[in-house]
Amino acid sequence: MSRAIEWILLGAGSCLAIVIGLGWHRPNRFGPWLLLAGAIACLAIGDVFYALPLTSVAEGCYLAMFVLVAAALLQFTRDGSLLVDRARLIDLLAFGCSSLLVVWVFVIGSSGQIGAISAADVIGDLLLIGVAARLVHAAGRNVAAALLLAGSIGMLAGDIAYPLAPGPLTEGGYVVLYVTWGLAALHPSMARLTQPMRPRPTPWGGRRAVMLCLAVATPPAVLLIEALTGEIRDGVVIAVAGALTLLLTITRLADSIRQNSQAAARERALRTASGALVSAADLPAVDEAVRAAVAALMPPAAVHRVAFTPDSSDDHDPAPAQRSSPDADARSWWVADTADQGTRDEGTLVCPLWLEPMSVARPHGGALILTGRRDVLMATRDALEVLAGQAALALDRINLVEAVGRRDSDQYLRTVISNTADLMVVIDEDQRIRYASPALHDLLGGHNLSPLATLTDLVHPDDQGQLRRAFLGNGDGTLFCSLRRADDSQILVEATYRDLRDDRLVQGYVVTMRNVTEARDPGERQPHVENVDALPAWINRRSAQHKFRY
């Protein structure tokens, strides 16, 4: 009875450790760990019945434990988890089932015993060790995976040592199982076992094809050999092994068909998006094509927010310190702090709209930002990067076409008014001078303007404030300011500006000026009453000096 209490305490402690670990570390999926806790509970119940002793009930609990452990370990290999390519694991399991069938039929025999050792327990332990070893190999330096492997090895040691020499010492293998699997859930690395990973499909090889064919052909071959040599003694074992091998093979084929269908759907969505982006003539058309492609690539319920920002700001382009575990080969990254803002299944992926050869067209870049289920975003990450690259090319093409159109328009304007006396300036939104008429060059002293010169640079410092305020708003307007000439003299002008930033060919301000200082009509030299407050500061100072000079 004391041994039964010990097994109850060990099982309860291990299950409690798994539950506590789930609360502490909150992995992306709880299912594998809950199945593992159920397997430990079945093992503890079986040990309790075995200690009472109720051997038949204990054997049923042990069988349920094997089923739950196998389901838990296979859950770690589900699509989007650590083992992103489980095809190789399925091939190895199918081949292992067929190999163990041969060992059972031709080595162990119908008794199912190797001396006092249960062959079924040993075969089940070997399969679990194989899956756990594959998990350790994929996880790298993962303590939780190593502890799961240690527990599987401990169970194999117990199933071999205890039948040969029953006692507390040989039961140590089972104690190792309880302790290590509980510690695996308490270690922080347990969350990485269900973390979504980028798919890395491996090409189909001849050796794997031969291995799968041998695994499928072995159960019928063994049955045929027994039928030809006499009585069929292991029909149940052959049927079970054949069913398992067939189930693994069907799973393998189903995964291949599903991956091929997903690849075809992504290719079709990207091809449609490419055609729409090529024909897009403006930003709204590009935005519509990108959103339609995202809807075709991902399920609607998997994406909560799609932000298409062609001109990135600090809020949309995270600094490198905010990026989470960047991949050297990836052209996208995860925002690090999204896991703290929602559930662990959610994530925010940033795909930059920036290409090195075309960085001159859009130096500010931009980004395609998606928030949704992390496993779905990880599975479609490559396609989203390609979509972002196609959108970047479309935006660069539109910007370059508009730049060429503006250049031709400026060249046409320069050719038409090269001999006129009009003072005209075309400036960008940041007041950088894109075009200045020859008459303005002559008025300022004939010197050439710098390519980076702004309209503020030409105005007297006392008038620069009102000039900046005028261009901060929207719409057209008129203001008075004084221009500085090369000989430091000043010229009073009346500047009328038009806001043509929304015009596709201009995208800036058109400023026409009238020289009020040299006006021939005396009435033109005096501004209207409503414009007196807008006069330059030096005119007001000169007027005050004239009034009080006596």
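**Figure 1. Threonine 371, a buried residue in a strand.** At 17% relative accessibility, threonine 371 counts as buried (buried means under 20% relative accessible area, exposed over 50%, and partly exposed in between, with a 1.4 Å probe and protein chains only). Threonine 371 sits in strand β7, residues 367-373. Skip the neighbours within four places in sequence, and threonine 371 is in contact with Val303, His304, Arg305, Gly347 and Thr348; contact means heavy atoms within 4.5 Å.

A quick note on all the views: this is a predicted model, where local features need pLDDT of at least 70 and side-chain atom pairs count only at pLDDT 80 or more, while totals for chains, interfaces and linings use all residues. Residues are numbered from 1 along each chain as its sequence is written, and side-chain values use heavy atoms, with hydrogens and water left out.

**Figure 2. Helices α1 and α7, packed together.** Helix α1 (residues 2-25) and helix α7 (residues 172-186) have axes 7 Å apart and pack at an angle of about 15°. Axes are lines fitted to C-alpha atoms, for helices over the stretch in contact, and angles run from 0 to 180 degrees between N-to-C directions. The pair α1 and α7 is therefore roughly parallel (angles under 35 degrees count as roughly parallel, over 145 as roughly antiparallel, 65 to 115 as roughly perpendicular and the rest as oblique). On the α1 side, the contact includes Trp7, Leu10, Gly11 and Trp24, and on the α7 side it includes Tyr174, Trp181 and Leu186. Sorted by class, the contact of α1 with α7 has twelve nonpolar, five polar and no charged residues. For those classes, Ala, Val, Leu, Ile, Met, Phe, Trp, Tyr, Cys and Pro count as nonpolar, Asp, Glu, Lys and Arg as charged, and the others, Gly among them, as polar.

**Figure 3. Helices α9 and α10, side by side.** The axes of helix α9 (residues 235-279) and helix α10 (residues 283-297) come within 9 Å and cross at roughly 175°. That makes α9 and α10 roughly antiparallel to each other. From α9, the contact takes in Arg266, Ala269, Leu270, Ala273, Ala276 and Leu277; from α10 come Val286, Ala289, Val290, Ala293, Ala296 and Leu297. Eleven of these residues are nonpolar, none is polar and one is charged.

**Figure 4. Leucine 393, partly exposed on a helix.** Look for leucine 393 in helix α13, residues 381-416. With a relative accessible area of 46%, leucine 393 is partly exposed. Leucine 393 and leucine 277 are 116 residues apart in sequence, yet 8.6 Å apart in space, C-alpha to C-alpha.

**Figure 5. Asparagine 474, out on a loop.** Asparagine 474 belongs to the loop between α16 (464-472) and β10 (477-484). At 68% relative accessibility, asparagine 474 counts as exposed. Beyond the neighbours within four places in sequence, asparagine 474 is in contact with Asp499 and Arg501. Asparagine 474 and leucine 500 are 9.8 Å apart, C-alpha to C-alpha, and 26 residues apart in sequence.

**Figure 6. Cysteines without a bridge.** The structure holds zero disulfides (a disulfide is a pair of cysteine sulfur atoms within 2.5 Å). For cysteine 15, the nearest cysteine sulfur is that of cysteine 42, 9.0 Å away. Cysteine 15 is buried at 18% relative accessibility, and cysteine 97 is buried too, with a relative accessible area of 12%.

How values were computed: Helix = DSSP H or I, 4+ residues; strand = E, 2+ residues; numbered from the N terminus.
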